[in-house]
Structure formats: structure tokens, C-alpha cells
Amino acid sequence: MYDFDKIIDRRDTHCVKWDEEAPFQSGGQPLSEGKYKELIPLWVADMDFEAAPAIHEALKKRVEHGVFGYAIVHDSYYDAVINWYERRHQWHIQREWIQYTTGVVPAVSVVIKALTMPGERVLIMTPVYNCFFSSIRNNGCEVLESKLVSIPLPKEGSNTEADLTYTVDWEDFERKCADEKCTVFLLCNPHNPAGRVWTREELQRMNDICQRHNVRVVSDEIHCELVMPGHQFTPFGTITPTPSPSRGDSIISSKTNQTPLPSGGVGGGFPVICCSPSKSFNTAGLHMANIICADPETRRRIDRAININEICDVNPFGPIAVEVAYNECEDWIDELNQYLWGNYQALLAFFTEQLPQLKVFKLEGTYLVWVDITATGLTADEIEEKLLREVNVWVNSSTMYGAEGYIRINIATQRSRLMEGLQRMAKVLKG
């Protein structure tokens with residue numbers, strides 16, 4: 001029904017993905033104007049597809065009104081969010097749990113401000129989205145890393161099977177949660193750039209460990225609608241809080257002789273969820289996101305942080321796009337996921353045939369493919385620059401995500417363009 005193969009020319013539209021000048025770690029001259037016209041950008045996480053027609057039409061109607069003053073968020077906005085998560089993910093959200101803001105990154109930053117004191121530590125599982133590092137440090141906190149562990153996947157003989165996946169180092173994760181300065185765990189669910197869609201069992205285990213050590217969970221769920229066949233997204237808000245220990249049965253936390261976080265009370269076992277349809281429906285430039293938490297005291301603190309950071313006002317277009325996406329575009333996101341799955345299968349087949357020495361991670365969610373490039377003998381930064389300079393393809397080096405030896409490839413583009421980019425990459429990476 002929807003034509004995701006349609007080529008969209010995004011150049012000269014003030015577009016970060018297509019108009020940004022590529023930085024080079026080694027210095028030297030930037031790409032020439034001619035080379036930029038030949039560039040295939042497979043880096044920053046937005047898509048080269050037109051937004052769903054219903055969103056386009058609603059925004060067009062709003063533009064035709066011609067007045068773009070300050071905007072308010074109507075009850076219909078909250079109804080759209082509540083109904084979507086109820087219908088799509090069986091998560092029962094109440095109206096008062098939702099606080100809106102301008103984006104998921106600002107949301108994560110204000111939540112960290114609300115829940116931490118400078119000098120405390122925020123736990124992340126690396127490699128992870130690069131803005132996590134800056135959101136933590138900009139609030140005066142320290143980054144505490146628990147590194148994900150890569151494991152090989154069995155091969156069944158098909159040329160469209162991934163080589164690797166990630167799992168949690170549970171012993172290290174609990175050890176980091178037990179750190180007396182660790183007060184918040186910042187989760188990426190689904191995980192960027194690892195491509196994992198965490199199972200309910202994994203999320204429950206994270207929750208239990210965090211509650212045992214008085215660590216609050218903040219979950220970035222911006223990629224939640226981008227899920228590949230055979231996998232199911234679980235909102236962290238649906239995870240069962242660990243029951244409070246009964247009197248006389250109290251388990252003492254390793255930190256400050258406190259009992260584990262209860263399932264109620266101030267903060268308690270309530271997670272904070274940061275979410276938006278912006279990645280899934282390709283509307284990131286409209287700046288609209290939600291912070292969802294069932295605890296009123298936590299919401300009070302977050303509201304204060306939102307106002308301190310002055311990110312309480314949204315533009316006239318963001319709320320409209322959210323409402324239409326959630327109310328009218330479910331079939332579009334389902335078709336998009338099928339198209340992305342086809343792109344991923346094409347990439348796997350290409351790597352098997354042309355670049356078998358490189359290892360591709362299993363993509364369960366997002367449209368961001370993680371590839372182990374250690375067999376090249378080059379660093380990730382060197383690979384990024386080499387691809388840019390020699391074949392005009394831009395991918396992300398893993399160093400920005402807290403790891404070495406990988407690249408991230410954005411496959412959310414027309415299949416013909418993706419395959420052209422991969423063919424160019426092979427000229428450099430075949431060795």
C-alpha cells in the first residue's frame with residue numbers, strides 16, 4: 001500500500017543526515033562539493049521515507065491556517081497516547097502519568113536532573129546511544145558502565161542469518177547497581193546500537209536487581225515501534241515491581257543499610273519511561289515526546305526540572321503529528337517494519353557473500369545494524385573516514401557509543417540506495 005522504494009531527494013533541505021558536513025578525526029580537507037553530491041549517508045538515526053500520508057495531510061491543513069503562535073496540548077493528545085499503548089502494547093496508562101516535552105533526549109536529561117544529585121553515578125549498558133553520556137555528564141553525574149557481552153549465534157545454513165548478539169553480564173550489572181554512588185539505571189529499550197529487544201524476563205531481572213539496590217530505572221523507549229518479526233516489545237512500565245519485604249523478613253540493601261525499594265511510596269519501584277513516535281514515524285524534527293511515570297512525587301520533581309530547563313513549550317505541529325500517528329497510522333508502521341526487515345535480510349545476504357569476514361549482529365529492533373569490523377585490522381574511526389573519503393558512504397564509528405571495533409549502519413532508506421551503499425563499502429572493506 002505504501003511505497004517505501006520511492007526515492008526522496010533530501011539534499012538542500014537543511015537536513016542533518018544529508019546536508020551535514022562530515023567531521024574527520026584525522027583532520028584534513030572536508031569532502032568536495034562534488035563528492036557531497038554523491039554521498040550516501042547511512043549514519044544518523046532518521047529515515048529517508050516520507051511520513052505517513054495521514055500525518056502529511058494533517059500538517060498541510062495546519063500550515064494552510066497560516067498562524068503559528070504558541071500551542072497547547074489538548075485532551076485528545078493524551079487520549080491518543082493512552083489508546084495506542086493500550087491497544088498496541090497492553091500497557092494501561094493513566095492521564096496524569098503523562099508529561100510532555102520537546103524530545104526524548106531532553107526528557108532523559110530532565111529526569112536525570114530530577115532523580116540525582118551531582119556526583120552520583122548513572123548506570124548504562126555499553127555500547128549505547130551516545131547522548132546518554134552527555135545527558136549524564138551535563139547533570140554533574142558520573143557514567144557507570146556495564147558492558148554488554150557479545151555471543152555467537154548458531155548458523156543453520158541460510159545466508160540471511162546474523163553472526164552475533166548481545167547479552168547482559170548479570171554479575172557485573174548487579175555489582176554496578178550495588179555501587180553506593182549508583183542511583184539511576186538508564187536503559188535503552190529497544191537497545192541502540194545493539195539491536196536488542198529485551199525480553200520480559202530480562203527486563204524483570206533488571207528491575208529486581210535495581211530495586212534490590214535502591215536504583216531507579218529510567219527507560220528510553222523511542223524505538224519501541226521498530227520491532228522485527230519474531231520479537232515483541234515490552235514496555236518497562238508493564239514490569240511487575242518487586243514485592244516489598246515483609247516485616248521481619250527484610251532484606252538489607254548493600255547501600256547505606258537501606259531496605260530495597262518498595263513497590264509504592266515516594267518513587268518506590270516506579271520506573272520512568274521516555275518515549276515518542278518520532279523515530280518510528282519519522283517526525284523527529286517536530287519535537288514532541290512524553291515522560292510517563294505512575295508516581296506523583298517523581299512527576300512533581302520532573303515537572304520542576306522541565307521548567308528549570310525551559311522545555312515545557314512545544315510547537316503547533318508536534319501534538320498534531322502524534323495524534324494522527326497513533327490514531328490513523330498503525331498500518332503504516334506495520335508495513336514499514338516489513339520493509340525494514342527486507343532491507344536487513346538483503347544486508348545479511350550481501351555480507352555473507354561479499355564481506356564474510358565481518359560479523360553482523362542480530363537485528364531484533366530499531367533500523368540500526370551493528371557490525372564487528374575487527375577483522376579489517378583498522379579502528380572504527382579509521383573505517384568511518386576511509387569509507388567517507390574513498391567511496392562517499394557515511395556510517396557511524398562505534399567509539400561514540402563507548403566501544404571500539406564496530407560500525408553502525410542505518411538501513412532506513414530505499415533498498416536500491418542501501419544496496420548501492422553496501423556495494424561501495426565492499427570495495428574498501430574486502431581488503
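Contact is defined here as heavy atoms within 4.5 Å. The structure is a predicted model, in which local features need pLDDT of at least 70 and side-chain atom pairs count only at pLDDT 80 or more, while totals for chains, interfaces and linings use all residues. Residues are numbered from 1 along each chain as its sequence is written, and side-chain values use heavy atoms, with hydrogens and water left out.

Under this definition, and with residues up to four places away in sequence not counted, Phe351 touches Pro356, Leu358, Val360, Val371, Ile409 and Leu422. Phe351 belongs to the largest nonpolar core, which has 105 residues. A nonpolar core is a set of buried Ala, Val, Leu, Ile, Met, Phe, Trp, Tyr and Cys residues joined through side-chain atoms within 4.5 Å; buried means under 20% relative accessible area, exposed over 50%, and partly exposed in between (1.4 Å probe, protein chains only). Phe173, Phe185, Met206, Phe351 and Ile409 touch the most other members of this core. Helix H11 (residues 330-354) supplies the largest share of the core, 10 residues. Another core, of 31 residues, lies apart from it and has Ile112, Val122, Phe133 and Ile136 among its members.

The protein has 13 helices and 15 strands; helices (H or I, at least four residues) and strands (E, at least two) are DSSP runs, numbered from the N terminus. The radius of gyration is 22 Å, close to the 22 Å that the globule rule gives for 431 residues, so the protein is as compact as a globular protein of that length. This radius is taken over C-alpha atoms, and the globule rule is 2.2 Å times the number of residues to the power 0.38. Along the principal axes, the C-alpha atoms fill a box of roughly 70 × 55 × 45 Å. Of the 431 residues, 56% count as buried. Among contacts with a separation of 6 or more, 75% come from residues 24 or more positions apart.

Strand S3 (residues 121-126) is largely enclosed by the rest of the structure, because five of its six residues are buried. Pairing of two strands requires that DSSP finds at least two bridges between them. S3 pairs with strand S4 (residues 142-147) in the parallel sense over six bridges, and Arg121 stands opposite Glu142 in S4. A parallel pairing over three bridges also links S3 to strand S7 (residues 182-188), where Phe185 is the bridge partner of Leu123. S3, helix H6 (residues 131-138) and S4 form a right-handed β-α-β unit. A crossover is right-handed if, with the strands pointing away from the viewer, the path from the first strand over the helix to the second runs clockwise.

Helix H10 (residues 318-328) is mostly covered, with eight of its 11 residues buried. The buried residues are Gly318, Pro319, Ala321, Val322, Glu323, Val324, Ala325 and Tyr326. Their cover includes helix H3 (53-65), helix H4 (75-89) and H11.

Glu161 is located in the loop between strand S5 (149-152) and strand S6 (164-167). With residues up to four places away in sequence not counted, Glu161 touches Pro154, Lys155, Glu156 and Leu348. Glu161 and Thr352 are 191 residues apart in sequence, with a C-alpha to C-alpha distance of 8.8 Å.

With a disulfide defined as a pair of cysteine sulfur atoms within 2.5 Å, the count comes to zero disulfides. For Cys141, the nearest cysteine sulfur is that of Cys182, 10 Å away. Cys141 is buried, with a relative accessible area of 5%. The sulfur of Cys275 is 6.5 Å from the closest cysteine sulfur, in Cys224, which is too far for a bond. Cys275 is buried at a relative accessible area of 0%.

Most residues other than glycine have a negative phi, and most peptide bonds are trans. A cis peptide bond joins Thr126 and Pro127, with omega about 5 degrees; Pro127 is found in the loop between S3 and H6. The peptide bond from Asn189 to Pro190 is also cis, with omega near -5 degrees, and Pro190 is found in the loop between S7 and helix H8 (200-212). Gln90, which is not a glycine, has a positive phi of about 55 degrees. Gln90 is placed in the loop between H4 and strand S2 (98-101) and counts as partly exposed at 44% relative accessibility. Asn282, not a glycine either, has a positive phi of about 55 degrees and is placed in the loop between strand S9 (272-275) and strand S10 (289-292).
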